Amino acid sequence: TSTTGMMAPSWRRVSHPSNTDAPRTNKQRLAAAELQKKGGWVAPCRSKDLDFKSAARHFLDGVQLLAGCQNPSGETAKQVNELQLSLLLNLAMCWLKLEKWTKAADTCSDALKIDPTNVKALFRHATADEQLGDVDKALADGKAATSADDPAIQALGQARRDQDRQARREREGDVRSHVFKLNASIHLRLS
């Protein structure tokens, strides 16, 4: 605990090679940011009221740690981008749950700078835009999300079409069965 009564960020409590300082190398920052990501999901799960405020602090700490990475390249740059995207998406979800619409929209915009076709970022951005009253922008984000070339989205769309087709067949079968029974009943009465 610091002199202000606030707990020190969790990366300060984690054992690092320096043992006393904040993470300095990109590798240390990646490891500390990963701990923040994990800590962010532990916070709401321990509480009955889902403490998204605490989770948001963890995710934000992780994003800030990654912002301090010095000229990452190659595999390290890829790891930084992937983790940063994940942290931003988690943070955006927290902001949505906390009804902080502007923060959610801004966070999604940051995520979309990393991956402009990320479906989660587009849908969450659309949700925030809708709550902020920008329906046109929300519709554009929603349309972009549903037209993404993501195989998972295409599979989801195909699964939904298959479910709709099956439900329609079942309804048609119920109607045919009902009509058949009705015709049989009428035929018996007329006989």
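1. A nonpolar core is taken here as a set of buried Ala, Val, Leu, Ile, Met, Phe, Trp, Tyr and Cys residues joined through side-chain atoms within 4.5 Å. In this predicted model, the largest such core has 30 residues, of which A33, F59, L66, L83, L87, C94 and A111 touch the most other members. Two or more residues come from each of α2 (26-46), α3 (52-67), α4, α5 (101-114) and α6 (119-131). The largest contribution, ten residues, is that of α4.

2. Just after α4, E99 adopts a positive phi of about 60°.

3. The crossing of the two helices is left-handed.

4. On the α3 side, this contact is made by F52, A55, A56, F59, L60, G62, V63 and L66. On the α4 side, the residues are V80, L83, Q84, L87, L88, N90, L91, C94, W95 and K97.

5. L87 links these points, being among the core residues that touch the most other members and also part of the contact between α3 and α4. Apart from neighbours within four places in sequence, L87 is in contact with F59, G62, V63 and L66, as well as with A33 and K37.

Note on methods. Residues numbered from 1 in each chain as written. Predicted model: local features only at pLDDT ≥ 70, side-chain atom pairs only at ≥ 80, totals over all residues. Heavy atoms only, no water. Helix = DSSP H or I, 4+ residues; strand = E, 2+ residues; numbered from the N terminus. Buried < 20%, exposed > 50% of the residue type's maximum accessible area, 1.4 Å probe, protein only. Contact = heavy atoms within 4.5 Å. Left-handed = near helix turned anticlockwise from the far one by under 90°.
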